[in-house]
Amino acid sequence: MTALLTITILVFISIAIWQMVKIFDLAQPKNDNPGVATDKDNTINGYLMMGFLAFIYIITIVCIVLWGDLPLLSNSASEHGSTIDNLMIISLVLIFFVQTITQFLLHYFAFKYKGEKGKKALFFADNNKLEFIWTIIPVIVLAGLIIYGLNAWINITSVDESDDPMVVELYAQQFNWKARYAGADNTLGLSNVRLIDIDKANILGLDEADPNAQDDIITTELHLPVGKPVLFKMRSQDVLHSAYMPHFRAQMNCVPGMITQFGFTPTVTTKEMRERPDMIEKIQNINDIRVENSKVLIAKGEDALERYEFDYLLLCNKICGKSHYNMQMKIIVETEEEYNAWIKQQKVFKNSLIN
């Protein structure tokens, strides 16, 4: 694949140089070339347009055959994930349909109506009927997509308080995440960056005098019970970050000085996702690549790559600094019993302070 890309780039560079040479020739005042395309030139360009059209369709078909399974549209792990996936599929189908037709018309018309000696182009100033058609159709299609998207967004982001969602804070800082659970009262304690005290292990700036903060739990790993609605409150300590959980189709900016929120209900445990056939195949492909890369590393006297195992991840989707690429936190979706057992092992805020 790398060789094919290299050859393609070299071909395009050669074509660009060739065109530049022709421009320089036309710029010479003593050159006998009148700079007017002949019928032969127009015919060649017409066939080249059709050839490029064939290339577009062929490379599209190849991509669909090799990578058209779209795995990211089949592994959603939240209740609203299917809505997001449906919106994405509709958008992709429309784009593919419109692109196929418009590209065909563009290249075919360039071939059919190529310049020929003695042929005069038909010109008219306007055509109200055509202009109405190519204006109203995109308006209707885009309006439908926008209304559908807004309706989906409102339904997803409007967390129903009657569902008694579990409240969790996601705290972003260069370059890591912290999770804060609201504890038994399911109410997050007050916090302020000015209250951060590393010496006392108050790393998130919780108000020690606030009763609601006493049972809060701060962790470096996010555990979620399957089937339980979760409301995330998001803060940033320094710069703009973005909490991105791809498998849950969830993303929200973390803005310094304010609290943003996003909610969803996880539907697939980590164990269940690992056991899916498509995920097993994907992980096997990744590990096959890591084995091959490990051979190269071992030959250089370096350590081999560890075997990869699937985990849900919380990522930062904003370029927040030099270590942005490594800003991630492991998410574990488990049964309610497993979650309860884990949360009981964690220290509450009042017991984690260093006096």
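Visitor: Among contacts in the protein chain between residues at least 6 apart in sequence, what percentage join residues at least 24 apart?
Guide: This is a predicted model, in which local features need pLDDT of at least 70 and side-chain atom pairs count only at pLDDT 80 or more, while totals for chains, interfaces and linings use all residues. Residues are numbered from 1 along each chain as its sequence is written, and side-chain values use heavy atoms, with hydrogens and water left out. A contact means heavy atoms within 4.5 Å. Among contacts between residues at least 6 apart in sequence, the share that joins residues at least 24 apart is 69%.

Visitor: What is the radius of gyration of the protein chain?
Guide: The chain has eight helices and 10 strands, where helices (H or I, at least four residues) and strands (E, at least two) are DSSP runs numbered from the N terminus. The radius, taken over C-alpha atoms, is set against a globule rule of 2.2 Å times the number of residues to the power 0.38. That rule gives 20 Å for 355 residues, and the chain is well over this, so it is more spread out than a compact globule, with a radius of gyration of 29 Å.

Visitor: Is Asn45 buried, partly exposed or exposed?
Guide: Asn45 lies in helix α2, residues 39–67. Buried means under 20% relative accessible area and exposed over 50%, with partly exposed in between (1.4 Å probe, protein chains only). Because its relative accessible area is 43%, Asn45 is partly exposed.
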